[in-house]
Amino acid sequence: MNRREFTGGLAAAALYASTGKASTGVLPGNVSGLSITELQQQFLDLRFGMYIHLNMATYEQREWGDPKASPALFNPKDLDTDQWANAARSAGMAYGCLTTKHHDGFCLWPTATGSASVKDAAYKRDIVRAYVDSFRAHGLKTCLYFSILDLRGDIRSYCVTREKIDKVKTQLTELLTNYGEITALVIDGWNAAWSRLNYEEMPFLEIYRHVKQLQPNCLMSDYNQGRFPAPALYYTDVKQYEQHAGQTIPTGSEVPSQSATTLQSDWFWKLDYPTQKLRPAKQIVEDWLVPFNAHHCNLILNVAPNREGRFDQNAVDRLTEIGQLWKDRAPAPRLATTRQIKELLL
């Protein structure tokens, strides 16, 4: 597997590797002409965002949905995406990120690819559409999370075929052509012990280029790059740290990144969440948000909707408290000019 270490994004590395010329930092096909550094800076200027984990696992007391469970279980009958957006605004957040498809393969939009989706659920509304419409109406940017896996189609082991690669690309086409401008796409499922997929078997570069062809300004991030210890970008435009899994920002990090953690104990809603002791506002603001922002890192805080499709009142109250406490909302520090590739390991 080729590993490319760089600070200007995968497109810059691919250009250098194929031509031997230094990159301008402008992404291929980028009609706006924005450099990768400008796009990364715009993302960092958002500073604070809301993760929204809603999917089949919400109804199963699980973190990964059961690939054998009936899609009819999915029934957020009182879905209120405006409540989500209002709660995000109250905390001072500037964007959201919705789990459009998690590892079991259930899609929150009516995909035409044959994967299980809201078309098969008790609640058949397009959740992605409701989310993007509400967040944009409240002045918030929209990001999406997408797992490359569909364990419903291959429960015992996820074996990659050309058909599965093409299905991933088709689903990404649906998400990136039907829902307007997407600020960032967070992809999961590569190179983890439970999936055992590397970046060549499920071709990351091909998928990355596909995303950029559809939306050149959409920044791409991958969870599994966070396992690399060095403070550099690997493969994608924004380095991802799963803070909830113990990944931390290295001292002196200068690359654009995002650190993800949870307001409640886990990612997906559980029966005890309405009465659970949530993470303190002071910890979120003073220990995480402010110091992370100082090191070119956004904080994205997961708030899990309940089975009705709404946030519990204790979560809403804590988000308001966070917004009241967070007074230091100065612009994010400036990134250095896009650097060329620091190292190319073959």
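Colleague: In which sense do strand β5 and β6 pair, and over how many bridges?
Modeller: Keep in mind that this is a predicted model. Strand β5 covers residues 184–188, and β6 covers residues 219–222. The two pair in the parallel sense, and the number of bridges is four.

Colleague: Which residue in β6 is the bridge partner of leucine 185?
Modeller: Let's look along β6 by the way its side chains point. Leu219 and Ser221 go one way, Met220 and Asp222 go the other, and all are buried. The bridge partner of leucine 185 is methionine 220.

Colleague: Where does aspartate 237 lie, and which side chain does it join in a polar contact?
Modeller: Aspartate 237 sits in the loop between β7 (233–234) and β8 (239–242). Its relative accessible area is 0%, so it counts as buried. At 2.7 Å, its side chain makes a polar contact with that of tyrosine 208.

Colleague: What kind of aromatic pair do phenylalanine 43 and tyrosine 95 form?
Modeller: The structure holds 13 aromatic pairs. In this one the ring centres are 5.6 Å apart, with 50° between the planes. The pair links distant parts of the chain, helix α2 and strand β3, with the two residues 52 apart. The pair is tilted.

Colleague: And how about tryptophan 269 and tyrosine 273, what is that pair called?
Modeller: Both of these residues, tryptophan 269 and tyrosine 273, are buried. Their ring centres are 6.5 Å apart and the planes stand at 75°, so the pair is edge-to-face.

Note on methods:
Residues numbered from 1 in each chain as written. Predicted model: local features only at pLDDT ≥ 70, side-chain atom pairs only at ≥ 80, totals over all residues. Heavy atoms only, no water. Buried < 20%, exposed > 50% of the residue type's maximum accessible area, 1.4 Å probe, protein only. Polar contact = N/O pair within 3.5 Å; in protein donor to acceptor, adjacent residues only side chain to side chain. Pairing = 2+ DSSP bridges. Phe/Tyr/Trp six-rings, centres within 6.5 Å; stacked < 30°, edge-to-face > 60°.
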